[in-house]
Amino acid sequence: MPVVLVMLEAIRDHYLRTGEKIGMKPAGGIGAAKDAIRHLVMVRETLGQDWLDPDLYRFGASSLANDVLRQIVKQRSGIYQSFDDFSM
């Protein structure tokens with residue numbers, strides 16, 4: 001997250017200098033729903049609501065999608081599912 005924050009601040013500084021919105025996709029994979037929420041909060045606090053758009057900020061989604069599905073099932077059933085219960 002600290003490296004992503006530095007990159008977001010550079011994007012903000014570029015936007016303030018030029019008015020040009022550029023996006024980013026953090027490398028390294030964000031595999032947990034809670035981490036995705038932390039990143040989205042960081043984006044909103046650093047760049048603003050406009051950057052909460054898949055054209056300007058997005059995640060690689062394969063492992064994250066599985067964790068989001070696990071969180072939904074947990075909310076409905078009260079029980080966490082195994083990582084093997086969803087496709088990879």
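In the predicted model, the elements of the protein run α-α-α from the N terminus on. Of its 88 residues, 24% are buried. Among contacts between residues at least 6 apart in sequence, 55% join residues at least 24 apart.

Two packed helices are described by the angle between their axes and the distance between the axes. For helix H1 (residues 2-18) and helix H2 (residues 33-47), the angle is about 30° and the axes are 10 Å apart. Because angles under 35 degrees count as roughly parallel, H1 is classed as roughly parallel to H2. The crossing of the two helices is right-handed. On the H1 side, the contact is made by Val-4, Leu-5, Leu-8, Glu-9, Ile-11 and Arg-12, and on the H2 side by His-39, Met-42, Val-43, Thr-46 and Leu-47. By residue type, the contact of H1 with H2 divides into seven nonpolar, two polar and two charged residues.

Thr-46, one of the H2 residues in this contact, has a relative accessibility of 14% and therefore counts as buried. Apart from neighbours within four places in sequence, Thr-46 is in contact with Leu-5, Leu-8, Glu-9 and Arg-12, each of which is listed among the H1 residues of the helix contact. The C-alpha atoms of Thr-46 and Leu-8 are 6.7 Å apart in space, while the two residues are 38 apart in sequence.

In soluble globular proteins, nonpolar side chains tend to be buried together. The largest nonpolar core in the model has 14 residues, and those with the most contacts inside this core are Leu-8 and Tyr-57. H1 and H2 each supply at least two residues of the core, and H2 gives the most, with four residues. Leu-8 is also one of the H1 residues that make the contact with H2. When residues up to four places away in sequence are not counted, Tyr-57 touches Val-4, Leu-8, Met-24, Pro-26, His-39, Leu-40, Val-43 and Trp-51. Of these partners, Val-4 and Leu-8 belong to the H1 side of the helix contact, and His-39 and Val-43 to the H2 side.

Ile-30 lies in the loop between H1 and H2. At 8% relative accessibility, Ile-30 falls under the 20% limit and so counts as buried. With neighbours within four places in sequence left aside, the contacts of Ile-30 are Asp-35, Ala-36, His-39, Phe-59, Gly-60, Ser-63 and Leu-64.

Gln-71 is found in helix H3 (residues 62-77). Leaving aside neighbours within four places in sequence, Gln-71 is in contact with Ala-33 and Tyr-80. Gln-71 and Ala-32 are 39 residues apart in sequence, and their C-alpha atoms are 9.6 Å apart in space.

Definitions and conventions: Residues are numbered from 1 along each chain as its sequence is written. This is a predicted model: local features need pLDDT of at least 70, side-chain atom pairs count only at pLDDT 80 or more; totals for chains, interfaces and linings use all residues. Side-chain values use heavy atoms; hydrogens and water are left out. Axes are lines fitted to C-alpha atoms, for helices over the stretch in contact, and angles run from 0 to 180 degrees between N-to-C directions. Angles under 35 degrees count as roughly parallel, over 145 as roughly antiparallel, 65 to 115 as roughly perpendicular and the rest as oblique. A crossing is left-handed if the near helix is turned anticlockwise from the far one by less than a right angle, and right-handed if clockwise. Contact means heavy atoms within 4.5 Å. Ala, Val, Leu, Ile, Met, Phe, Trp, Tyr, Cys and Pro count as nonpolar, Asp, Glu, Lys and Arg as charged, and the others, Gly among them, as polar. A nonpolar core is a set of buried Ala, Val, Leu, Ile, Met, Phe, Trp, Tyr and Cys residues joined through side-chain atoms within 4.5 Å. Buried means under 20% relative accessible area, exposed over 50%, partly exposed in between (1.4 Å probe, protein chains only).
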